[in-house]
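Let me put the structure up, and then we'll talk pockets.

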Amino acid sequence: MNNLDNLVEILFENAHTAVAWQDRAVPATLPEQLYNHVKWGPTSANSSPARFVFLASKEVRQRLRPAIVAGNVEKIIEAPLVVLVAYDLQFYDQFPKLWPHEDLRSWYAADHVLAEETAQRNSTLQGGYMILAARALGFDVAPISGFDAALVEEIFLQGKNWRLNFIMGIGYADSTRQQPRKPRLDFEEACLLYPPPMDN
């Protein structure tokens, strides 16, 4: 097996969503390390609308408890690092820095529906990049979508023009509590190919 095959296995085939965690801290430098990888992933017109809130202490993570559905509480509260993946509704204010050769700011500023759609889609991409970056660095990840977004925003995002997309825990999974991997759809169930393959 070559290095590329091994990396694909690390990122996809052998990676499982964590359901419980080892009592093992992650490095204090991890948030910045993760972001410095994620920022290079592609987004529409280099818009980079994702905003990340890192919750690095259990005391801070406990504030999330009332906002998370019961089945997700342990996955998140017990994770050594939690990331709120959000998006900036006014991401376009950064275009003078991110896309300086053309006035894209006025285009998005004039169409708030387009701006939010772009922000949500591309912050989802950036959150996915963070999952892959964490796995590539040897960590396990538990992304969730079972939460009260308005309550999380009230607790952590007051005064920001940011909206929550999803939440993820990052750390070292407790493999003794890992669940069997769920099935996935086959290619023929999930994909179309044009032109269709010719029958032999």
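Strands here are DSSP runs of E, at least two residues, and helices are runs of H or I, at least four, numbered from the N terminus. Quick caveats: this is a predicted model, where local features need pLDDT of at least 70, side-chain atom pairs count only at pLDDT 80 or more, and totals for chains, interfaces and linings use all residues. Residues are numbered from 1 along each chain as its sequence is written, and side-chain values use heavy atoms, without hydrogens and water.

What do I mean by a pocket? On a 1 Å grid over the protein atoms alone, it's an open set of points where a 1.4 Å probe fits, with protein on both sides within 12 Å along at least five of seven lines; lining residues have an atom within 4 Å of a point.

Back to that second largest pocket: it holds about 310 Å³. Its lining has 13 residues, and the closest to the centre are Tyr-35, Lys-39, Ser-48, Arg-51 and Leu-98. Besides S1 (50–55), helix H5 (95–98) also supplies at least two lining residues.

And the largest pocket? That one has a volume of about 360 Å³. Of its 14 lining residues, His-16, Thr-17, Arg-181, Lys-182 and Arg-184 are closest to the centre.

Note on methods:
Grid points are joined across faces, edges and corners, and a volume is the space filled by probe spheres set on the points.
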